[in-house]
Each structure stands twice: as structure tokens, then as C-alpha cells.
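Biologist: I have a model open and want to go through a few spots in it. Can you take me through them?

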Amino acid sequence: MFYTGLVTAAAPLLSLEDNFWSNPSFRLVLPRGKRDRLAERAAGLTWRRGCSVAGCRAEGMPVLLVDSELEAILCPVHQLVLLDGSSVEGEPMLATAAW
Ligand SMILES: [Zn+2]
């Protein structure tokens with residue numbers, strides 16, 4: 001489950017925003033080539049993006065799937081979807097731009 005909005009007191013502890021609010025005791029380590037490609041793609045992401053699911057007017061957060069290096073959107077309604085509107089299963093590792 002992914003959360004794109006601000007976390008409130010009632011929200012579960014696991015959220016994307018946890019990265020901003022706490023200091024995890026680890027760092028993710030990526031191969032240099034993958035890191036450089038993700039950095040290059042992340043630099044091209046926009047701040048907000050409309051959901052790619054037909055008929056959905058929600059605004060989502062553009063992200064990159066770290067494994068496949070594909071762009072996807074975190075929609076508050078549809079969760080994680082690819083740019084063609086298909087949903088992404090599981091809980092893949094995500095990256096986004098450091099705006
Ligand atoms: Zn949507």
C-alpha cells in the first residue's frame with residue numbers, strides 16, 4: 001500500500017513520507033550504472049502528473065520503478081500505475097526526484 005498524501009495521526013506508520021521525517025539506519029546501495037540512469041530519469045520527472053487510468057482525474061506523484069527503471073504514477077485512487085494505465089502489483093522499490 002502506498003500513500004501519496006500527507007500522513008496524519010490516523011495513517012498507518014508505513015508511508016513514503018517516512019523517509020523525510022526520520023533517519024533510517026541504512027542507506028540503499030545501487031550499482032553505479034543503475035544509479036546514474038535513475039538520476040537522469042528522475043531529473044525529467046514533473047512535480048505532479050495526472051493519473052494514467054482512463055477517466056481518473058486525480059493528480060499523482062511521478063515515480064520510477066527501481067528494478068525495471070520504468071516511470072509510474074502514485075495515484076491516491078489507483079495506487080501504483082504504469083503510464084499506460086495498468087496497475088503495478090506488489091510493493092516494488094520506488095525512486096522519485098528530490099525536488
Ligand atoms: Zn487514478
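Modeller: First a term: two strands pair if DSSP finds at least two bridges between them. Strands are DSSP runs of E with at least two residues, numbered from the N terminus. This is a predicted model, where local features need pLDDT of at least 70, side-chain atom pairs count only at pLDDT 80 or more, and totals for chains, interfaces and linings use all residues. Residues are numbered from 1 along each chain as its sequence is written.

Biologist: OK, in which sense do strand 3 and strand 4 pair?

Modeller: Antiparallel, over 4 bridges, with strand 3 at residues 71–75 and strand 4 at residues 79–82. The two form a hairpin, with 3 residues between them.

Biologist: What stands opposite Leu 74?

Modeller: Leu 80, in strand 4.

Biologist: And where is Gln 79?

Modeller: Gln 79 is in strand 4. Its phi is near 65 degrees, a positive value in a residue other than glycine. Most residues other than glycine have a negative phi.

Biologist: What about the phi of Glu 69?

Modeller: Also positive, near 60 degrees. Glu 69 is in the loop between strand 2 (59–65) and strand 3.

Biologist: Is Glu 69 buried or exposed?

Modeller: Exposed, because 12 other C-beta atoms lie within 10 Å. The cut-offs are 20 or more for buried, 12 or fewer for exposed, and partly exposed in between, with C-beta atoms placed from the backbone. Gln 79 has 16, so Gln 79 is partly exposed.

Biologist: Changing topic, what is the mean pLDDT of the protein chain?

Modeller: The mean is 83, and 78% of the residues reach 70 or more; pLDDT is the predictor's confidence in each residue, from 0 to 100.
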